[in-house]
Amino acid sequence: MTTMTTTTTVLEAKDVTMRFGGLTAVRSVGLTVNSGEIVGLIGPNGAGKTTFFNCLTGLYVPTEGTVAYKGTVLPPKPHLVTSAGIARTFQNIRLFANMTVLENVLVGRHTRTKEGLWSALLRGPGFKKAEAASHERAMELLDFIGLAHKADHLARNLPYGEQRKLEIARALASEPGLLLLDEPTAGMNPQETRVTEELVLAIRDQGIAVLVIEHDMRFIFNLCDRVAVLVQGEKLVEGTSEVVQADERVIAAYLGTPFEGAPGDEEVAEVEAAEAAQETSAKTTPGTDTRTEDDQ
Ligand SMILES: Nc1ncnc2c1ncn2[C@@H]1O[C@H](COP(=O)(O)OP(=O)(O)OP(=O)(O)O)[C@@H](O)[C@H]1O
Ligand SMILES: [Mg+2]
């Protein structure tokens with residue numbers, strides 16, 4: 001018998017396009033995530049990263065393209081995507097603020113509990129058993145993310161960094177095979193960020209593939225097996241951390257440096273020349289200020 005682990009394709013997004021009226025937020029993006037992988041999705045603000053996540057999870061129905069999980073094309077409906085095995089967290093935290101930490105995780109479990117409505121209403125033995133098992137699993141997850149001691153606290157009373165971790169626990173409660181994280185360290189201090197790094201590695205080690213959006217490049221390049229770069233809705237580059245870090249187009253996209261000879265250079269030079277000329281003529285023709293007192 002061999003102990004070789006085989007890699008399987010967990011997520012396969014093909015040619016995903018999302019248009020909002022005249023704006024194409026995501027343009028023909030393909031992305032694969034394999035079992036055992038942590039894949040990063042980076043790009044400047046407004047590049048289309050969250051929109052792409054929304055297409056993957058059925059929150060948006062993509063204008064074009066398909067999303068498959070473990071070989072099956074998913075219908076674009078959030079609850080069907082979750083029950084298929086994809087869980088996510090949100091860039092803007094979405095917790096039930098007035099529920100406890102534990103209750104928030106229990107909400108995340110509902111797609112995995114088979115007990116139906118009648119069973120819940122009658123609170124029969126089947127329901128009680130399922131409820132006890134859910135409770136146990138939820139506490140296990142809280143322990144995993146380091147929040148078991150706050151199980152009874154209201155979610156709204158948690159510091160921001162802990163709310164982000166609670167979102168991860170709630171996502172894990174649906175027992176996913178793929179976890180999508182949208183800026184998991186936003187608003188965290190450097191120490192919390194390092195702890196979150198360890199958490200993501202531990203999640204991967206439990207056999208859950210991870211696709212993560214982050215602006216913290218150290219986090220991305222420390223963790224990810226592969227990184228894809230979105231710029232203006234299009235995938236610009238994809239590769240290992242080393243390849244992506246060294247790519248001049250990526251550096252340019254982040255720093256806003258125009259590529260050499262890029263269209264637009266001439267226009268910029270023209271505008272600068274015109275501005276300089278205007279400044280000179282203003283200096284040489286005094287008394288041309290036509291503003292009245294009302295304008296000031
Ligand atoms: N529901 C919507 N309706 C119209 N336009 C939208 C909608 N959602 C996103 N957009 C637009 O799509 C573009 C991409 O936005 P998106 O939020 O996906 O970017 P992002 O890469 O996640 O940026 P950030 O790093 O700031 O979170 C933006 O121009 C945004 O205004
Ligand atoms: Mg976003």
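Good morning. I begin with one pairing: isoleucine 38 has valine 210, in strand 8, as its bridge partner. This is a predicted model, in which local features need pLDDT of at least 70, side-chain atom pairs count only at pLDDT 80 or more, and totals for chains, interfaces and linings use all residues. Residues are numbered from 1 along each chain as its sequence is written, while chains are lettered from A and ligands numbered from 1 in the order in which they are written.

Strand 3 and strand 8 (residues 209–213) pair in the parallel sense, over four bridges. Strand 9 (residues 226–231) also pairs with strand 3 in the parallel sense over four bridges, and there arginine 226 is the bridge partner of valine 39. Pairing requires that DSSP find at least two bridges between two strands; helices (H or I, at least four residues) and strands (E, at least two) are DSSP runs, numbered from the N terminus.

Because five of the five residues of strand 3 (residues 38–42) are buried, this strand is largely enclosed by the rest of the structure. Buried means 20 or more other C-beta atoms within 10 Å of the residue's own, with C-beta atoms placed from the backbone. Ile38, Gly40 and Ile42 point one way, and Val39 and Leu41 the other way.

I turn to the ligand. The residues surrounding ligand 1 include Phe20, Asn45, Lys49, Thr50 and Gln91, where near means a C-beta atom, placed from the backbone, within 6 Å. Strand 2 (23–34) and helix 1 (49–56) each supply at least two residues of this shell, and the largest share, three residues, comes from helix 1.

Technical notes
A residue is buried if 20 or more other C-beta atoms lie within 10 Å of its own, exposed if 12 or fewer, and partly exposed in between; C-beta atoms are placed from the backbone.
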